[in-house]
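Reader: I would like a close look at the aromatic rings in this model and what surrounds them. Please take one part and stay with it.

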Amino acid sequence: MARYEELQQKIQQKTARVGVIGLGYVGLPLAVETIKSGYTVVGIDLHGGKIESLKRGESYVQDISNETLQECLATNRFFPTTDYSVIEELDAISICVPTPLSPNQDPDTSYITNVVEQIKRFMKRGMLITLESTTYPGTTEELIQREFEKLGYRAGIDFFLCYSPERVDPGNRKYSTYNTPKVIGGTTERCMELGTLLYGSLVKTVVPVSSPKVAEMSKLLENTFRSVNIAFMNEMAMMCDRMGINVWEVIKAASTKPFGFMPFYPGPGIGGHCIPLDPMYLSWKAKGFRFHSQFIEIAQSINDNMPDYVRNKTAQVLNIYAKAINSSRILILGMAYKPEVDDLRESPGLEIYELFTNSGATVDYYDPYAQSFVNKKGEIVHSIANDYEAFKTYDCMVLITNHQCFAYQELADLGVAIIDTRNAFEGITNPNVYRIGTSVAIKQEKEVVSLLA
């Protein structure tokens, strides 16, 4: 067990050289936390632009400030590179690469397999390897352990392997990498001990589980739980719309129950890297066991169709003003998938933009955080300036992201029809504000009654 004891000592003394592969929303914060804990960190990413940015002390991840990054560089313990050969010098590696879905909604684990091929070229005996990328149960053993064992390496003896799912929530000011509990599962007891030892020196709380599969499944359960509950509320919103009931008032009333109820909220769809993708990883894996998850499939279908519901709602509102989506000028307010972030990954706003455009509308967007995106034609679309006089010229505005910086009352007072997908205009009674989950027809009737009175 000499290799185990040697690595254990290096971790305890913080002389272990730690590599983080993939320096995005997950990897860069992990690298920063590892440097803060006293380790020397080599950050590996194939995107040369990112590496050059890091070397200049310029962060491209919102949760990591330039000042924090520059402090890490000043320690002389952070080395960003595109060169995989540095793996030869490392004692521990955390893999934080993307795991997207294929066009057919199947898991795309090519980033993981590419990294594994590079590690196989340069690894040395006695390394601790931890996968953090979200994936299906069994990935750690099937795509990593088996590959190394083909080379004659033995898990728990020649190398140590763990899975610890990332739990990054971009823009969350309360929970960071350090104070978010870290689940970890090792392929052997020795692997678990070393993984717990390393991560225990980086974060406040480590939660050991019995195997990598349990850790992998826990991540999928967390986000599938959210996906299913959001889908239920999205369906309730459409139901309340049809029945002439305000779903937001219903949720608020139900939330007064001090037990047995947890509020979730409808919206224009789901975004981010986790909720739209993770349930499909689980569903795909379950099919290999001849198990078909109806909850996951139904939830995914409902959430995927919310952009269409928003388009139809917009058409209903424009119809009140004797207009159609075709030839209308529409302004989307907020394009990021959640408030106060610049993250556009899987944002429903992107799909809604395409739906409006394909329906013949002229579409612009304003988002103070997300300055541009590439549409399906490959064109770069830029956010317009914050100009309320210009906002008045649009036929309608569709609120996708409820950023706190938006002046909601001022926007309502412009008199332009507004479709609110987040209940961001709660408490604002201007008649030009329309919400998903409520009936346009009922709203019209109330306005007529009010006028007659």
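Which residue has its charged end over the ring of Y4, and at what distance from the ring centre? Please go on from there to the ring pairs around F406.

Author: This is a predicted model, in which local features need pLDDT of at least 70, side-chain atom pairs count only at pLDDT 80 or more, and totals for chains, interfaces and linings use all residues. Residues are numbered from 1 along each chain as its sequence is written, and side-chain values use heavy atoms, with hydrogens and water left out.

The residue is R190, whose charged end lies 4.0 Å from the centre of the Y4 ring. A charge sits over a ring if NZ of Lys or CZ of Arg is within 6 Å of the ring centre and within 35 degrees of the ring normal. R345 is likewise placed over Y25, at 4.2 Å from the ring centre.

Now the ring pairs. The structure holds 11 aromatic pairs (Phe, Tyr or Trp rings, the six-membered one for Trp, with centres within 6.5 Å; planes under 30 degrees apart are stacked, over 60 edge-to-face, the rest tilted). One of them joins Y366 to F406, with 5.8 Å between centres and 40 degrees between planes, and is tilted. Y366 belongs to strand β10 (residues 362–366), while F406 is in the loop between β13 (396–399) and α15 (408–412), so the pair links parts of the chain 40 residues apart (helices are DSSP runs of H or I of at least four residues, strands runs of E of at least two, numbered from the N terminus).

F406 also pairs with Y408: the planes meet at 80 degrees with centres 6.1 Å apart, so this pair is edge-to-face. F406 has a relative accessible area of 6% and is buried (under 20%; exposed is over 50%, partly exposed in between, with a 1.4 Å probe and protein chains only). Y408, at 13%, is buried as well, and so is Y366. Ring pairs join Y366, F406 and Y408 with Y388, F391 and F425 in a cluster.
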